[in-house]
Amino acid sequence: MDTTDRTAAVDHLLQLGLSCMQSGQREQAVALLEQAIVRAPANALAHALLGAEYAQLGRPDDGCAHLEQALQCDPSLHVARFQLGLLHLTSGRGADARAVWGALDALGPEHFLYLFKEGLLAVAAERLDEGRRLLQRGMAWNHTNLPLNRDMAAIVAKLEAMPDWS
């Protein structure tokens, strides 16, 4: 198989995997993404998508490993960096989240990933109102990753549903 055919095959596997992810067929998505990685071990997107799926399946260590691999393949894959930090934060490793997210500062204070990480760090520090405002601002700026907006909206809804929310 020549390079063009291999690239086309990997792209096809990624598209199928993404389709399965969107329809909730998690195990099928994992199988397709793993096939893509076998064919293209340095494909950052394949690693990032597989890491996200493992996180959804409750396999945070595998998720972290693939997200880290994605960043080794392409350090500019900011969504993978954000997802890795989020996985660290939700696994109780706040210092690791801050370390991974540090590179997002270069995006600037108007970038949705910067705002999301700042919002989540504020929530983790129990600055709930500030966190909510930052998350909402990030959602307003995010026009490219709508599933991430849904995730952040769910966090905002949980904050607002808290008994002591004012």
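Me: Where does Glu126 lie?
Reply: Helices here are DSSP runs of H or I with at least four residues, numbered from the N terminus. Glu126 lies in the loop between α7 (112–124) and α8 (128–141). A heads-up: this is a predicted model, where local features need pLDDT of at least 70, side-chain atom pairs count only at pLDDT 80 or more, and totals for chains, interfaces and linings use all residues. Residues are numbered from 1 along each chain as its sequence is written, and side-chain values use heavy atoms, with hydrogens and water left out.

Me: Is Glu126 buried or exposed?
Reply: Buried means under 20% relative accessible area, exposed over 50%, and partly exposed in between (1.4 Å probe, protein chains only). Glu126 has 68%, so it's exposed. Its phi is near 65°, a positive value in a residue other than glycine.

Me: How many disulfides does the structure hold?
Reply: A disulfide is a pair of cysteine sulfur atoms within 2.5 Å. The structure holds 0. Why? For Cys64, the closest cysteine sulfur is in Cys73, and at 16 Å that's too far for a bond. Cys64 is buried, at 6% relative accessible area, while Cys73 is partly exposed, at 29%.

Me: Which residue classes line the largest pocket?
Reply: Nonpolar means Ala, Val, Leu, Ile, Met, Phe, Trp, Tyr, Cys and Pro; charged means Asp, Glu, Lys and Arg; the others, Gly among them, are polar. This lining has 19 nonpolar, 8 polar and 5 charged residues. Lining residues have an atom within 4 Å of a point on a 1 Å grid over the protein atoms alone; a pocket is an open set of points where a 1.4 Å probe fits, with protein on both sides within 12 Å along at least five of seven lines.

Conventions. Helices (H or I, at least four residues) and strands (E, at least two) are DSSP runs, numbered from the N terminus.
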